[in-house]
Amino acid sequence: MPDTTLSALAAQLAGKQISSRELAQQYLDRIAALNSSINAFITVDAEKTLAEAAAADALIAAGNAGPLTGVPIAHKDIFCTDGWLTTCGSKMLHNFVAPYDAHVIQRFKAAGMPSLGKTNMDEFAMGSSNETSHFGPVKNPWNPAYVPGGSSGGAAACVAARMAPAATGTDTGGSIRQPAALCGITGLKPTYGLVSRYGMIAFASSLDQAGPMAPSAEDCALLLNVMTGFDPKDSTSLEREKEDYARNLDQPLTGLRVGLPREFFAEGLNNEVAAAVETAVAELKKLGATTVEISLTNSKLAIPVYYVLAPAEASSNLSRFDGVRYGYRAPDYASLDDMYCKTRAQGFGAEVKRRILIGAYVLSHGYYDAYYLQAQKIRRLIADDFNEAFKVCDVILGPTAPGTAFKLGEKSDDPVEMYLNDLYTIPANLAGLPGMSLPCGLDSKGLPIGLQLVGNYFSEAKMLNVAHQYQRATDWHARAPEGLK
Amino acid sequence: MKWETVIGLEVHTQLATKSKIFSGSSTAFGAAPNTQASAVDIALPGVLPVLNKGAVECAIKFGLAIGANLNRINVFDRKNYFYPDLPKGYQISQLAKPIVEGGALKIVVDGAEKTVNLTRAHMEEDAGKSLHEDFHGMTGIDLNRAGTPLLEIVSEPEMRSSAEAVAYARALHTLVTWIGICDGNMQEGSFRVDANVSVRPVGQKEFGTRREIKNLNSFKFLQQAIDYEVRWQIETLEDGGRIEQATVLFDPDTGETRMMRSKEDAHDYRYFPDPDLLPVKLDEPWIEAVRAALPELPAAMQARFQNDYGVSVYDAAVLTGSRALADYFEAAAQACGQGKLAANWVMGELSAALNKAELDIAQSPVSATQLGTLIARIQDGTLSGKLAKQVFEGLWEGAGEVDAIIEARGLKQMSDSGELEKIVDEVLAANPKSVEEFRAGKEKAFNALVGQVMKASRGKANPAQVNELLKSKLQ
């Protein structure tokens, strides 16, 4: 499988060097060969994929192709996909065939991009290692003894293993950026409200945001052009003029002000990661950027704030999984309450239950003010810190995660240790800011290191420009795990 | 011990929008189960609510109509609890920042006016229906009603009797149908009342412990339920018992209330702002546009009816019982120029006939213009009051217009004094005994003579004229 960019694939399709069916078949073959060891996909349906590819070929033949028509893509199993099993990584939805398309799915369909299947994920997007999936953990293609990160672990792994040229992901506290970092690919979480959440199974509504995952920043720009846009079905979707996220890719970085938050280079950061990020900073300086030290004082509170707010919303969002209308229902029960209890006890995994309990607790009578309300106030302070920082810099840079991939099972018994993996990614979600991760090195174990950029609201084009210029000067994003043939 | 009753009402009014509050599904009543339940209504994974602007407009109308404060920014919250007919596992409602706060409603009880203050009114979605009877050993769920827009209207605990509570509920019912935000159909559940009832010794400041009677769907049941509940609470207290806070149901068959759940069973609803919906912002141009489109309100119309037509406080309240009735009265009053008489006819003869035929004012076979003409014929002396009733019957039966009926049935009042004088003379000659008794000072005898004259004229004589003639003849 060649390491080709989306624009190269699109050019080959447009030039009739390959058909969409042939391209899709190549990826399906690779999925068939590798998925048993990587477990990146929960559902693959070659017949559906090839039918969609045939339709794309027809569009191309008729001269109605868009920029990415015919290029296949994998979708995180959090997006409802008409006629496809949509499990969200949970036993609760192990049998749920969605009767409608999420807005994101609609957009990719409208762009003529065939779906390669539904990717594995942490259950209901709750996890940082993809170990909470009911369908088993995803293995990191760089070393199958290691986790791919999460929750979009299947998406990151399938792109890293070149089982798909691109994938969709969702990011509530780092679920696009952290697995992108751990798998050595590029992933972007847009400004909250840029991509419609309709049909994306909700974890924490005020934080959830879908975004692209692909080898390069340029790929992500093209995918973002497809995904974004106002959707009247999502009240939090933003009504803005359509922009071309690839328009600034080639601008030089002369005069770019890069903010380096003191707090992101402090205790807890792995030395090899710190060194790789510093090398990346030096590279950007060579490209004309200047650096400025900034402070995100309240970001140290991001994890506790997040683990109040996200579970609070989740405890309510997941109430609909009650065994009444769809999904899993316990086989034996004595009463209505018993049906609820058994269905939810059997249908949800440990991490999901843990968060539902935390969420119900912080919203309960007598605790609401001390937890939920207080967390909302701190959330505002965290956003204020960013607003201050963007007065002196154009983009904030730091590590995506405190370390590289960890071993399967290494942190799964220690939730707090696991939560710390999202230390640097969560603040952008709380503030609603766009963030992205791009590869910037390999550690001594040969595992990828991720560099994070956080931009001001709606500055995706600027971030993609920085990332693209960095990727033109380096080749970390072009590296793929060896040994996967 | 003397006891005082304290009542506050929470009324759920179904807003008269075509589609649901957070989805495009129809709100029409009576469709086959689950045929009006979309992906949003059944809470499929991934779906999101989008607020129906029409529902907000209804709430604005209501707030303006009761002189309330409209919260320019109001917020939807989630009320979390599990029940099979609540698909999301939470109801979208408004807790901390409702759209409407304050306001007041005037009621009339025993001819006296009273103002009842309102606490708040908030928008929320209705749940679906659980059907326990139709499926043996199972419960059916119909989600057609899920997501139907409601305005929950909460009063202050200012009512002191079941009569006041009923008067308030009626006034509210009139108002919401008047301004067109609710169809008012109580059988179909468009207007459901919960009554919070407590008692306290007269003179005590603190409220007693309240019990909430849920889901009363007629004014009669409201009255019966409160009366029973008040008796029960007083008896319990006088027997040395205590009232525990509870939610109760009224059983119309037994006329009693029974416990549904105690305070201990009360849910912790874990309210929090719904992150799927933005705060609702009301801007001044929108509010003013809604205000401009409001019809004249019942309270303003009552005051005008008293001023312009000289009707009593009580009559004005009755006549504004519905917009259709008020419009009818006003048209009739204008057609005859006799407000007081028109009020008497509308509230008397016409209402009785409509009640008997179980018809609504809008279905009245006698038009307001016809009734006005009829009253005018009484006023100009063409008809006596008694014969007018026969003309009314003719109108009711569809026998034609007023003057045609008078003509056809020969009901015109006798105006020829020569003819009348002849009858009077005949009656006097035929009743010497009554004449004698009258001259001996018996007033009753005079009335008997009047009656005889009216009878002899077959009701067509003008009673005033008869009186006058008899008096002059007997002097």
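In which sense, left-handed or right-handed, does α10(B) pass α11(B)? The crossing of α10(B) with α11(B) is right-handed; a crossing counts as right-handed if the near helix is turned clockwise from the far one by less than a right angle, and as left-handed if anticlockwise. The structure is a predicted model, in which local features need pLDDT of at least 70, side-chain atom pairs count only at pLDDT 80 or more, and totals for chains, interfaces and linings use all residues. Residues are numbered from 1 along each chain as its sequence is written, and chains are lettered from A and ligands numbered from 1 in the order in which they are written.

The model has an ipTM of 0.96 and a pTM of 0.91. For chain B the mean pLDDT (the predictor's confidence in each residue, from 0 to 100) is 92, and 100% of the residues of chain B reach 70 or more.

Helices α10 (residues 385-397) and α11 (residues 402-409) of chain B pack at an angle of about 115°, their axes 10 Å apart. Axes are lines fitted to C-alpha atoms, for helices over the stretch in contact, and angles run from 0 to 180 degrees between N-to-C directions. Helices (H or I, at least four residues) and strands (E, at least two) are DSSP runs, numbered from the N terminus. Residues are in contact if their C-beta atoms, placed from the backbone, lie within 7 Å. On this criterion α10(B) contributes Q390(B), V391(B), G394(B) and L395(B), and α11(B) contributes V402(B), I405(B), I406(B) and R409(B). These residues comprise 5 nonpolar, 2 polar and 1 charged, where Ala, Val, Leu, Ile, Met, Phe, Trp, Tyr, Cys and Pro count as nonpolar, Asp, Glu, Lys and Arg as charged, and the others, Gly among them, as polar.

In chain A, α9(A) and helix α12 (residues 369-389) pack at about 125°, with 9 Å between their axes. The crossing of α9(A) and α12(A) is left-handed. The residues of this contact include V305(A) and L309(A) of α9(A) and Y372(A) and I378(A) of α12(A). The contact of α9(A) with α12(A) divides into 10 nonpolar, no polar and 1 charged.

Chain B also holds an open antiparallel sheet of 3 strands in the order β5-β4-β16, strands being paired if DSSP finds at least two bridges between them. Its edge strands are β5 (90-93) and β16 (272-273), each pairing on one side only. Strand β4 (residues 77-80) of chain B joins β5(B) over 4 bridges in the antiparallel sense, and K79(B) stands opposite Q91(B) in β5(B).

Key. Contact = placed C-beta atoms within 7 Å.
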